[in-house]
Amino acid sequence: MANVEPDDLDLILLCTSTPEDIFGDAPKVLILLDAYLNGNLFMLWQSCKVQRELGCTKSQLAHDITAACSGFVLGLFSASCYIKGGGFRNVLVIGADVMSRFVDWTDRGTCILFGDAAGAVVLQACDAEEDGLLSFDLHSDGEGARHLGAPINDNENGSVLEFPPNRPSYACIQMNGKEVFRFAVRCVPQSIESALEKAGLTASNIDWLLLHQANQRIIDAVATRLEFPPEKVISNLANYGNTSAASIPLALDEAVRSGKVKPGHTITAAGFGAGLTWGSAVIRWG
C-alpha cells in the first residue's frame with residue numbers, strides 16, 4: 001500500500017510480547033516478506049519470523065519492542081525518533097501478538113477476551129510541514145505490574161544460585177480486570193489530553209479516536225470522558241478480541257480500507273496495558 005520495496009526499508013520494529021525467539025523476531029522478518037511477495041507459501045509456513053524473511057539484501061537494523069498492549073504506540077514513537085534523529089527514511093512498524101499461547105484455557109475470565117493478530121504501517125521521512133506524527137505522551141508505572149502480566153514461574157526455577165538452573169517457563173496471563181479498568185479510564189484520558197495539548201489541538205479537532213481494543217467498556221468510558229461521539233470512535237473489538245500490540249494497526253487498517261479514515265484526517269491513538277504502560281499519539285493520516 002505504501003509502494004515500498006523490502007530493500008527500501010532502513011529499519012524494522014516488531015512490537016510483540018509473544019516472540020518465537022526470546023532474543024527477538026524482528027531480524028527474521030525479511031525472508032518472510034520475500035516469501036509472501038513471491039508466493040512461496042511453503043517458506044511462509046516453515047518460518048514465520050521477520051527481517052531475514054522479507055528478502056532484503058542489505059542488513060537493515062531490526063529489533064523487537066516489548067511493551068504488550070502499548071507496544072505499537074511506543075513503536076511509532078521509536079520510529080519517529082529514528083527518522084528525525086537518525087536520518088532513517090523508511091521504517092516498518094509491526095504490531096503482532098499470539099495471545100492464545102499465553103492464556104489459561106480453563107479460565108473463562110481471561111481466555112475468551114484475547115485474540116491473535118498482526119498489523120503494520122510504514123513511516124517515511126518528509127519535510128517538517130508534512131510531518132504526520134504531531135505529538136506523543138508516554139508513561140509507565142511498575143507498581144501496577146501485579147495487576148496484569150505473565151510472570152516467570154519462580155517456583156519452577158529454584159534459587160538463582162543453584163546450578164544448573166531449571167529451564168524457565170512463564171505463567172499464563174494473569175489479570176485483575178477491575179484494577180486494569182480503573183487504571184485505563186483514569187490514565188488514558190489524561191494521556192490523550194496531554195498529547196492533544198502538545199499538538200496544539202483539542203478533542204473537537206480530532207476526526208477519529210483509536211484506542212487499544214482491550215474492552216468495549218473501557219473504550220466507551222474513555223470516549224465519554226473526552227466527549228467523543230460514538231460515530232468518531234473506531235472499534236473492531238467484537239470481531240477479534242484483545243490482540244495486544246496488534247489491535248491498533250488492525251483497527252486502523254480496516255478503517256482505512258473501508259474508507260472511514262481518509263488522507264488528512266487527524267487520529268488520536270492510545271495504547272495501554274501490562275507494565276503498566278500507557279501512551280498516546282496524535283497522527284495526521286496520509
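Two residues are in contact here when heavy atoms of theirs lie within 4.5 Å. Keep that in mind as you browse these close-ups of a predicted model.

**View 1. Ser-80 and its contacts.** Setting aside neighbours within four places in sequence, Ser-80 is in contact with Leu-123, Leu-133 and Phe-136. Is Ser-80 buried or exposed? Its relative accessible area is 6%, and buried means under 20%, so Ser-80 counts as buried.

**View 2. Helices α5 and α6 crossing.** Here you can follow α5 (residues 177-199) and α6 (residues 216-225), whose axes come within 9 Å and cross at roughly 40°. The two helices are therefore oblique to each other, and their crossing is right-handed. On the α5 side, the contact is made by Phe-181, Ala-184, Val-185, Arg-186, Val-188, Pro-189 and Ile-192. From α6 come Arg-217, Ile-218, Ala-221, Val-222 and Arg-225. What kinds of residues make up this contact of α5 with α6? Nine are nonpolar, three are charged and none is polar.

View 3. Now look at α8, which spans residues 247-257. Eight of its 11 residues are buried, so the rest of the structure largely encloses this helix. You can pick out the buried ones by name: Ser-247, Ile-248, Pro-249, Leu-250, Ala-251, Leu-252, Ala-255 and Val-256. Just after α8 you will find Gly-259, which takes a positive phi of about 90°.

Note on methods. Residues are numbered from 1 along each chain as its sequence is written. This is a predicted model: local features need pLDDT of at least 70, side-chain atom pairs count only at pLDDT 80 or more; totals for chains, interfaces and linings use all residues. Side-chain values use heavy atoms; hydrogens and water are left out. Axes are lines fitted to C-alpha atoms, for helices over the stretch in contact, and angles run from 0 to 180 degrees between N-to-C directions. Helices (H or I, at least four residues) and strands (E, at least two) are DSSP runs, numbered from the N terminus. Angles under 35 degrees count as roughly parallel, over 145 as roughly antiparallel, 65 to 115 as roughly perpendicular and the rest as oblique. A crossing is left-handed if the near helix is turned anticlockwise from the far one by less than a right angle, and right-handed if clockwise. Ala, Val, Leu, Ile, Met, Phe, Trp, Tyr, Cys and Pro count as nonpolar, Asp, Glu, Lys and Arg as charged, and the others, Gly among them, as polar. Buried means under 20% relative accessible area, exposed over 50%, partly exposed in between (1.4 Å probe, protein chains only).
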